[in-house]
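Subject: Structure for you to look at

Dear colleague,

I am passing on the structure we talked about, together with some notes on what I found in it. Please keep it open beside this email as you read.

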Amino acid sequence: MKNAKRISANEAARLVRDGSVLMAGGFGMTGNPVHLLHALAETGVKGLTYVGNNVGERGLGAGRLLRNGQIKRAIGSYFTSNREAVAAAQEKRIEVELLPQGTLAEAIRAGGAGIGGFFTPTSSGTLLAKGKETRMIGGAEQVFVQGLRADVAFVRAWRADTAGNLVYRLTEQNFNRAMATAADVVVAEVEEIVPLGALAPGEIHTPSLYVDYLVEAHTTLEDLGSSASVDPDAQKADATRLRMARRALAELRPGEIVNLGVGIPTLVAELVTPDHGLMLHTENGMLGVGPAPSAGGALEHPVNAGKVPVTELLGASYFDSADSFAMIRGGHVDVAVMGGLEVDGQGNLANWAVPGKPLLGVGGAMDLASGAKRLIVTMMHTAPSGAPKLVRECSLPLTARGAVDVVITDLAVFRFQDRRMRLVELAPGVTIDEVRAKTSAPFTA
């Protein structure tokens, strides 16, 4: 059997040339080939096209490449969390192509499978579909996306055998599995290299035929950035947001598969008990999400879509990002609960971009808004300026058209039927006159 060649991180960095297309796995800093990226940052390689869900955190992972000016173009889903990436885009030091997270994962999987491209309903009718080929398929508009390949892929796995078979840990499959199939040269950074035969064939996630080189490097707490440990203060919420989270939980039915977005929706996970009979899904590759652990971080626990360490429930399972979004687009997720910036009277949602800021972070919102069977939006009724967030027509870039089923605010609960909004509940102490005064969207009561 052909063995993958074992090399150092510095030797791996020399495989990348000026102008290369480089893929790097990871979701936030978990499952991130941080040692390979740091070694590359020590070279003079420049003009890179970087493909990854994000560019790491400031000064970590691909964040060092960005800081060094080595990245010319970035293709990914969520760059907003790195302020240096935002600044680089604003100053036109890098070119950015933003893809919805599920579209990115599927484009990489398509590239690895030799498929030139595919049509997807995600992003239809939004800014991200502008200039792209569209086609009506099955009564729905779908957007064409080309497959993605790279010259070199840096991936991170937990264990490898000497042949190059890879096993990933918990939610660290994320983009790594697809990227390992989609490059001319694949380098796997791994926690441990074991002898041939030490990995059971049934536990292998990435077969050895994809992997060219192995680099053994051990993960430290510093490598994990903000996911290194649980922040107890992050779990605290004011009474209003907790009440909204409880109201969202009341909308969920036993047996449902539910995806929770960041912000107020995340609080729902802390309220779920086994008696609710729910299975929580996170788009970075886990079904059966439990509440935050009392201690520890991403070295001991999986992470959710907010890159926060979580626990697992009985019956939990793990998978990669491409499979996760196939579940979403395929209609296997019953409910998505997410935040919003604007919802209009036709049930259109805007929640990923605001005026005056670069369009650098869509994440999985578009996939979830259009793919889940029901969409519940939790948001404050008005913006900090006092402007209504329930509007006659969305002025912000759309996430999805006509997708919203329920809106829960600090003042009221609304339902949509036939793209018309109906007030069904007032929050304690709130009058209908107050709601009317703070709502621009037409509604019935």
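What percentage of the 445 residues of the chain count as buried? In this model, which is predicted, the share that counts as buried is 56%.

The C-alpha trace spans about 70 × 45 × 40 Å along the principal axes. Among the contacts with a separation of 6 or more, 71% are between residues 24 or more positions apart. The chain exposes about 18,300 Å², and carbon and sulfur atoms supply 51% of that area.

As for charge, the chain has 43 positive and 46 negative side chains, with the centres of the two sets 5 Å apart.

I would then turn to one residue, N284, which lies in the loop between β14 (279-282) and β15 (286-289). N284 counts as buried because its relative accessibility is 0%, where the cut-off for buried is under 20%. The side chain of N284 reaches the backbone oxygen of V303 at 3.0 Å, and a polar atom of that side chain lies 3.3 Å from the backbone nitrogen of A305. Leaving aside neighbours within four places in sequence, the residues in contact with N284 include F27, T171, N174, N304 and F319.

Best wishes

Key. Residues are numbered from 1 along each chain as its sequence is written. This is a predicted model: local features need pLDDT of at least 70, side-chain atom pairs count only at pLDDT 80 or more; totals for chains, interfaces and linings use all residues. Side-chain values use heavy atoms; hydrogens and water are left out. Helices (H or I, at least four residues) and strands (E, at least two) are DSSP runs, numbered from the N terminus. Buried means under 20% relative accessible area, exposed over 50%, partly exposed in between (1.4 Å probe, protein chains only). A polar contact is a pair of N or O atoms within 3.5 Å; within protein, one must be able to donate a hydrogen and the other to accept it, and residues adjacent in sequence count only if both atoms are side-chain atoms. Contact means heavy atoms within 4.5 Å. Accessible areas come from the Shrake-Rupley method with a 1.4 Å probe; for residues, only the protein chains shown count as cover. Lys and Arg count as positive and Asp and Glu as negative; His and the chain ends are not counted. The place of a charge is taken as NZ of Lys, CZ of Arg, CG of Asp or CD of Glu.
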